[in-house]
Amino acid sequence: MYVAMDGNRASVEKNRGVGNTPGELSRPLKNAGAMNYGVRPHSRKRTLGRDAQNLLEYFKKMQAENPGFFYAIQLDEDSRMTNVFWADARSRSAYCHFGDTVTLDTGYRVNQYRVPFAPFTGVNHHGQTILFGCALLLDESEASFTWLFKTFLTAMNDRPPVSITTDQDRAIQTAIAHVFPDSRHCISKWHVLREGQEKLAHVCHAHPNFQVELYNCINLTETIEEFEFSWNSILEKYDLRRNDWLQSLYNARAQWVPVYFRDSFFAAISPSQGYEGSFFEGYVNQQTTLPMFFRQYERALENSFEKEIEADFVTICTTPVLRTPSPMEKQAANLYTRKIFTKFQEELVETFVYTANRIEGDGAISTFRVAKFEDDNKAYIVTFNYPEMRANCSCQIFEYSGILCRHVLTVFTVTNVLTLPTHYILNRWTRNAKNGTGFDELTGDSHGQESLTLRYNSLCREAIRYAEEGATAVETYDAAINTLRDGGKKVALVKKNVAKVMPPSSQVNGTGYDDRKNSMSTLDHMTPLLWPRQDEMLRRLNLNDAGAPGQSVSDLNLPRMTPVSLHRDDAPSENMVVLPCLKSMTWVMENKNSTPEKRVAVINLKLQDYSRTPSAESEVKFQLSKVSLEPMLRSMAYISEQLSTPANKVAVINLKLQDAETTTGESEVKLQVSRDTLGAMLRSMAYIREQLSNAGESQSEPVLKKQRK
């Protein structure tokens, strides 16, 4: 049985079709192939314990404040919570506009996480990651994932996505085939390649060009034949035919290689899309408890909304520089958001180096061969139906991303098509993508609403009340819908005028995990990313760590260590030796219940040395107090600033530690870090500082606990 509560239509329903019936999930799998799927061993049941009641109280509170808030709870045979799903009104509204492609990130459900949650995310009209809903997964059977997907579908008004991307897991794949039989299912390439840096470390170090070649093979090939040829060439060139790991990837290529999915829409506007990881990047770590999780969940939502408003401001209030005299470019600049227009502009500018030759047909339907002037060997075939203004290209970029390719635009140029046909302008990429759901403007105390979330919730309550009255009769419905449309135009006008006066604040109140300077902004200027680097694994909050229970300081048998200095080694890069890379950083808080002056954090750094074959791992443990942490943070911030310049890719950290067991009283550890690694360390250190500074147990007080009267 499960309980589903929708603020718009509350209900309690029987758990339809989610039982353990043997034949229930026997549907053939779409896109099935040989893949080493993760099958999690059966273990003792996990429960929320006393947090279960707090969770219910939180959901009730959210539903009272936000009428569109939806939650559902799956119960086991003992009426205990096994899985939970929820989505707020803003996320559900976002799904109405951008729910064509969905990603389920289950990376946090590994056992070391105290909150095994799984967010459903998508991509908005600015190319930003947005949240559709969240789940707590205490049971990971096929039946539970089937329940989860059915519940997600119910919350999203029974509208399945066009495509869905997940981690590789047999239970997930089976459930998707059962609940979303018509959705295209893709395995995340980042999840498939997550072990690449370790498995192929010896090749990467021996052959600097190997990673770039494999990247191009996976991400830039445009036909299956081209991928097959490129893959075989790489195996032959680097003598990797007997590499079992690469063979397993190849056997399952139809499940994850992008070229096999180019005929379906995935909103893919960059080969590195998805690299930035979870929506909750920098907000949740292994030590996060359930009460702390919901506090961070709300901060992440607020931060996401702020980012979207900033992108809206850039789109509405700044004018892009046009690079051609084409009226099509001017049309696109007025329709698309700035991020999408930039992508379209790149394609349009490239048409100047392409030529299109008609090879078949001279009537309504013609076929063109499109190729670069200087590279006539690689050609694309474009079929163009002139009366219907429809074109199909062999590269299938439009089908995959929703943005017209340079090859079709070249054909438009030679056939004198001056403006974009409307069917090639996907509304989901335009600046008006969210129009049509406008709420009646609030004429009351809008200035008294202190945050975006409060204003949004207030508008939701007002809109639902208005909808209930408007739906009573056809006449009231017509009047209500016309008023809403007029109101939407007024809100859009006011929004534009407000944006001209002052851009949205770049600060998010209350959050110490601002990840606004996303590493994706610099990816285009860096070496192409083939797989998540070791620093990316750190940014994903130590998913590669075992997360064993923390030991006390007395058990560690460590010298009392305190950082003396932390600085950047400015030696020329050509003279720099290969040093260990930071693999993960975990910590244990000691004396949490004492005063801040007596608290210490025991830091455990895991280092991976890839200069050795096979690579070797080492550990460094030391203690930090509130006093010793501050200078360390300042040094790290300085190094991060130095790494912000394109010329500085890696910094060598020299960590000096007080060590009574050495003759000098000090020990020294050297490691190299990238900007992304250092950013993740800074976020973790900021969290540690918060734990070291807060009085008593206030920082860990459950936010879901009811106030004592």
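**Finding our way around**

A: Happy to! Let's start with a pair of helices: F210, E213, L214 and C217 in α8 meet F227, S230, W231, I234 and K237 in α9. By class, that contact of α8 with α9 has six nonpolar, one polar and two charged residues. Do keep in mind that this is a predicted model.

Q: Thanks! At what angle do α8 and α9 pack?

A: The angle is about 160°, and the axes of α8 (residues 210-219) and α9 (residues 224-237) are 9 Å apart. Angles over 145 degrees count as roughly antiparallel, and α8 and α9 are therefore roughly antiparallel to each other.

Q: Is their crossing left-handed or right-handed?

A: The crossing of α8 and α9 is left-handed.

Q: Which residues of α8 are buried?

A: F210, L214, Y215, C217, I218 and N219 are the buried ones in α8. What they pack against is α5 (189-192), α7 (201-206), α9 and α11 (253-256).

Q: Let me zoom out. How many helices and strands are there in the protein?

A: The protein has 22 helices and 19 strands. Of its 709 residues, 51% are buried.

Q: And what share of contacts join residues at least 24 apart in sequence?

A: Counting contacts between residues at least 6 apart in sequence, 68% join residues at least 24 apart.

Q: What does L420 touch?

A: Leaving out residues up to four places away in sequence, L420 touches M328, Q331, A332, Y336, F344, L404, L409 and I425.

Q: What is F368 in contact with?

A: Setting aside neighbours within four places in sequence, the contacts of F368 include A356, N357, R358 and I359. Y380, I381, V382 and F384 are also among them, as are V411, V414 and T415. F368 and C393 are 25 residues apart in sequence, with their C-alpha atoms 9.4 Å apart in space.

Q: New topic: where is S141 found?

A: S141 sits in the loop between β7 (129-137) and α3 (142-155). S141 is partly exposed, at a relative accessible area of 28%. From S141 to R170 is 29 residues in sequence and 9.7 Å in space, C-alpha to C-alpha.

Q: One last pair. How do α21 and α22 cross?

A: Helix α21 (residues 626-643) and helix α22 (residues 675-693) cross at roughly 155°, and their axes come within 10 Å. That makes α21 roughly antiparallel to α22. Their crossing is left-handed.

Q: Which residues meet there?

A: Among them are L629, M632, L633 and M636 in α21, and L678, M681, L682 and M685 in α22. The residues of this contact divide into 14 nonpolar, two polar and four charged.

Key: Residues are numbered from 1 along each chain as its sequence is written. This is a predicted model: local features need pLDDT of at least 70, side-chain atom pairs count only at pLDDT 80 or more; totals for chains, interfaces and linings use all residues. Side-chain values use heavy atoms; hydrogens and water are left out. Axes are lines fitted to C-alpha atoms, for helices over the stretch in contact, and angles run from 0 to 180 degrees between N-to-C directions. Helices (H or I, at least four residues) and strands (E, at least two) are DSSP runs, numbered from the N terminus. Angles under 35 degrees count as roughly parallel, over 145 as roughly antiparallel, 65 to 115 as roughly perpendicular and the rest as oblique. A crossing is left-handed if the near helix is turned anticlockwise from the far one by less than a right angle, and right-handed if clockwise. Contact means heavy atoms within 4.5 Å. Ala, Val, Leu, Ile, Met, Phe, Trp, Tyr, Cys and Pro count as nonpolar, Asp, Glu, Lys and Arg as charged, and the others, Gly among them, as polar. Buried means under 20% relative accessible area, exposed over 50%, partly exposed in between (1.4 Å probe, protein chains only).
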